[in-house]
Amino acid sequence: MSGQKYVLEVQARLPDALSELKALSENLLYAWDRHIRGLFWRMDTALWERCGHNPKVFLRRISQERLAELAGNAAFLEEYQYVLGLFRTYRDQTRTPSALVAEKMGAEDGLIAYFCAEYGLHESLPIYSGGLGILAGDHCKAASGLGLPFVAVGLMYRQGYFRQQIERDGTQNAIFQPHDLRDLPIMRVDGDDGEPLQITVPFPDREVAVQIWKAEIGHLALYLLDTDVADNARSDCSITFQLYGGDRRRRIEQELILGVGGVRALRALGLKPSVWHVNEGHAAFLMIERCREAIEAGMRFEAAMEQVAGATVFTTHTPVAAGHDVFEPDLAATYLGPYARAMNLDLDELLALGQSEQNDAAFNMTTLALRTSRYQNAVSRIHRGVTAGMESHIWPQVPVDESPLQYVTNGVHVQTFLSRQWSYFFDMHAPGWRVRQCDHHFWRNLVESIPDQQFWLQRMSIKADMLDYVARCLTRQYRRQGVGDAHIERRLAVLRPTFGRDPMVMVFARRFATYKRATLLLRDPDRLAALLNDAERPVILLFAGKAHPADEPGQALIRTLVEYSRKPQFAGRLFVLEDYDLALGRQLVAGADVWLNTPLYPMEACGTSGQKAALNGALNVSVLDGWWGEGFQGDNGWGITPYSHSDPDRRDHYEAEDLLDLLEDEVVPLYFNRGDLGYSPGWIARAKAAIYTVLPRFNAQRMLLDYIENLYLPATRHGRRLAEDDGQPAADLVAWKQRVAQAWPGVTLSRSNGRAEQIDSGDTLELHVAVELQGLGADDLQLECVMTRVRDDGETESAICCRLVPENGDNGTAIYRLAEPIEVPGLYEYQVRAYPCHPMLAHPFETGLMRWL
Ligand SMILES: *Cc1c(COP(=O)(O)O)cnc(C)c1O
């Protein structure tokens with residue numbers, strides 16, 4: 001045949017009786033509601049798998065006959081109506097804030113705008129690369145479930161993140177595939193005129209046009225910005241094609257679209273957020289755009305920025321340098337030029353917001369974000385300490401452990417990551433579990449009441465499903481690599497165990513970044529081989545993860561693992577699975593027995609996959625870093641204490657040895673300690689403890705409630721107070737800060753009375769401190785006596801701070817005295833300090849200034 005070939009896709013028409021399937025396919029509620037996914041699955045299981053669990057594609061491909069058949073099938077219609085009922089109930093219930101939110105927010109209302117460069121909601125919307133995106137997705141899902149007034153903003157990556165193929169020799173192929181946007185659960189946002197709504201973002205010498213897509217996540221909207229529009233030059237169309245692709249220039253362009261374009265999109269949609277949450281530094285240009293708006297409305301730069309910062313929450317997610325965007329001075333100057341002009345500012349003044357001594361003249365997005373937000377957090381207790389140290393230049397005189405930086409430990413969205421079997425089990429035995437997610441007693445009682453045998457059968461059935469899924473993935477992967485079927489069968493035999501002869505399954509699934517040390521166990525290959533190959537106690541190791549295409553050492557890790565997986569002593573015991581995504585992730589966390597994590601302390605900011613595994617009853621065997629530093633309780637998994645050795649090689653050596661010792665001596669023996677029962681009671685006790693200690697603490701609902709209480713609510717109030725009277729309070733605060741900053745170098749403290757070394761309990765310590773005020777008022781300073789009691793055993797108790805109150809002084813000197821008596825007898829150490837104090841500060845140490853006697 002010759003001549004032009006045309007393409008026409010003829011879609012099946014939904015029968016009237018099933019017309020609401022369309023609505024079900026367009027709301028990402030299906031990403032966590034298993035009943036909705038189950039409905040599609042039942043309609044045509046094979047097609048559902050072939051369509052990659054994508055309901056929109058599924059409805060386009062399903063046959064008219066099958067639809068007609070289902071429309072006449074009473075059992076199916078009943079289930080359809082049931083699922084529709086759940087869908088409608090969810091929508092009605094989340095239209096208003098839930099009781100949990102109402103209780104925290106009190107009288108405050110307002111909209112929270114959340115900005116992130118990636119969102120991992122479901123495999124059918126591939127605009128995520130890993131932990132950060134999945135966390136953002138979980139954050140949105142929980143916000144929807146709580147009925148929080150919330151809107152999310154991101155970028156529409158037409159090619160998403162890459163799909164990973166692993167070749168036979170372990171080489172990673174990164175495949176960026178363009179998506180047909182009709183396949184994705186998004187719709188274009190049109191203006192009142194029916195034309196696509198467009199906004200523009202100033203670039204050097206041009207304006208880049210941006211169109212907007214909307215994804216529905218339960219009750220809330222995620223707006224995705226896209227530069228692929230006819231008005232743009234070709235090279236600008238591709239700005240938003242790839243997630244974390246391209247060079248530095250592309251990256252700063254993407255971040256301008258996200259930050260500046262995001263603000264403009266929300267304005268165009270008529271939305272008025274009261275709090276802005278910048279999730280990781282990528283979106284921090286949004287503060288510059290809001291500042292520009294305030295200047296346009298008549299404010300001065302400093303006051304405008306003060307007001308913007310007051311209503312801004314910033315979360316930082318990693319201590320690893322590659323996770324922080326730093327732009328060359330010239331690049332930043334070029335792209336920020338138009339903004340400086342629009343703000344009537346010296347370009348240098350604007351650039352200074354992202355510069356610090358640590359980066360010379362380079363422009364650091366984290367620095368920008370920290371300077372232009374007043375509510376900041378890290379994502380675990382350990383990470384907070386590390387970040388407070390790294391970023392201490394923001395609060396130079398404040399002790400690191402008192403830094404204003406807070407932490408909210410990440411949690412995972414339970415409905416998404418709890419396996420289908422457990423969800424249905426809890427539905428049956430404890431309906432209402434979804435709203436009691438944070439109730440520790442409830443979970444302890446529920447899980448402990450499950451008979452061991454039933455618990456074990458449930459775990460084994462989930463694990464069998466997972467192994468089956470893994471075997472199918474590996475079969476596809478090996479066939480593509482050209483491996484023969486007979487060989488595949490032999491290699492995968494261990495994944496098809498007979499009852500009671502199941503292997504213990506250990507999983508290491510995460511990004512292949514070097515600090516995660518995927519190959520730590522291979523430091524002693526012989527010991528590992530012996531551990532895996534014990535005929536009575538077989539153990540298998542599954543690896544999965546992507547390495548960033550520019551990360552050579554990360555890709556080398558994959559090659560090493562694949563090489564080992566083909567050696568005779570590891571073949572059929574150690575497997576490397578390609579294309580780790582949400583679908584594979586859900587399977588692995590559901591069915592693993594042991595979840596491994598071996599980061600180099602303290603580089604794992606939080607880590608969340610271990611939480612997903614634990615709430616399904618897997619046991620974590622992990623370095624005590626990130627969330628596991630808080631979650632490990634002795635009986636709910638195992639912890640590896642990091643060595644503080646400065647030589648990285650020795651450190652790896654010791655920690656690998658500890659890990660192997662632990663596996664040989666405790667983990668494997670406990671798993672196989674089955675006796676006549678067919679299961680190990682000791683193992684089950686730990687698995688139950690894992691569920692009831694981790695699920696109620698490390699879930700996304702708890703995380704969100706913490707954000708509301710500690711960040712969103714204070715930022716809402718603070719932002720509103722600063723903005724009263726056209727921003728007068730913000731202007732006053734700025735003037736005060738400038739006055740303080742000028743005077744501070746000359747402010748000195750001296751003790752003006754002798755020192756008493758002994759007093760009686762109930763007496764007041766005579767402590768007079770003279771302060772050289774340099775023109776400041778006595779009330780502009782807070783003086784504190786920081787007292788620590790030394791106990792009999794030599795340990796110190798946590799410090800208490802007692803205020804010193806000012807008395808009239810003269811000549812610009814004020815005397816401050818300690819007024820309160822000391823009741824508890826004992827030996828104390830004390831110090832005196834002063835810091836600037838103003839009722840409009842978001843945090844007492846916000847200025848970063850402090851002086852000690
Ligand atoms: C949870 C998850 C992650 C993040 O897990 P970490 O423990 O932070 O590495 C990455 N990818 C997928 C697919 C996940 O489900």
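Let me start with a helix contact. In α20, the residues R459, I462, K463, D465, M466, Y469 and V470 meet A583, L584, Q587, L588, A590 and G591 of α24. By type, the residues of this contact divide into 8 nonpolar, 2 polar and 3 charged. Before I go on, note that this is a predicted model.

Now the geometry of that pair. Helix α20 covers residues 452–480, and helix α24 covers residues 582–591. They pack at an angle of about 145°, and their axes are 8 Å apart. The crossing of α20 and α24 is left-handed.

Next, the domains. The assignment for the chain lists domain 1 as 16–93 and domain 3 as 429–697. Domain 2 is given in two stretches, 108–410 and 707–724, and domain 4 is 747–852. Taken over C-alpha atoms, the centres of domain 1 and domain 3 are separated by 33 Å.

On to the ligand. Which residues are closest to the ligand? They are I134, R510, T608, S609 and K612, out of 13 residues that surround the ligand. For K612, a polar side-chain atom is 2.6 Å from an oxygen atom of the ligand. For R510, an N or O atom of the side chain is 3.1 Å from a ligand oxygen. For K516, the distance from a polar side-chain atom to an oxygen atom of the ligand is 3.4 Å.

Last, two details of the backbone. Most residues other than glycine have a negative phi, and most peptide bonds are trans. Y244 is not a glycine, yet it has a positive phi of about 50°. Y244 sits in the loop between α9, residues 234–237, and α10, residues 248–268. The other detail is a peptide bond: from Y601 to P602 it is cis, with omega near -5°. Where is P602 placed? P602 is in the loop between β18, residues 594–597, and α25, residues 609–615.

Technical notes: Residues numbered from 1 in each chain as written. Predicted model: local features only at pLDDT ≥ 70, side-chain atom pairs only at ≥ 80, totals over all residues. Heavy atoms only, no water. Axes fitted to C-alpha atoms, helices over the stretch in contact; angles between N-to-C directions. Helix = DSSP H or I, 4+ residues; strand = E, 2+ residues; numbered from the N terminus. Left-handed = near helix turned anticlockwise from the far one by under 90°. Contact = heavy atoms within 4.5 Å. Nonpolar A, V, L, I, M, F, W, Y, C, P; charged D, E, K, R; others polar. Domains from an automatic or database assignment. Near = heavy atom within 4 Å. Polar contact = N/O pair within 3.5 Å; in protein donor to acceptor, adjacent residues only side chain to side chain.
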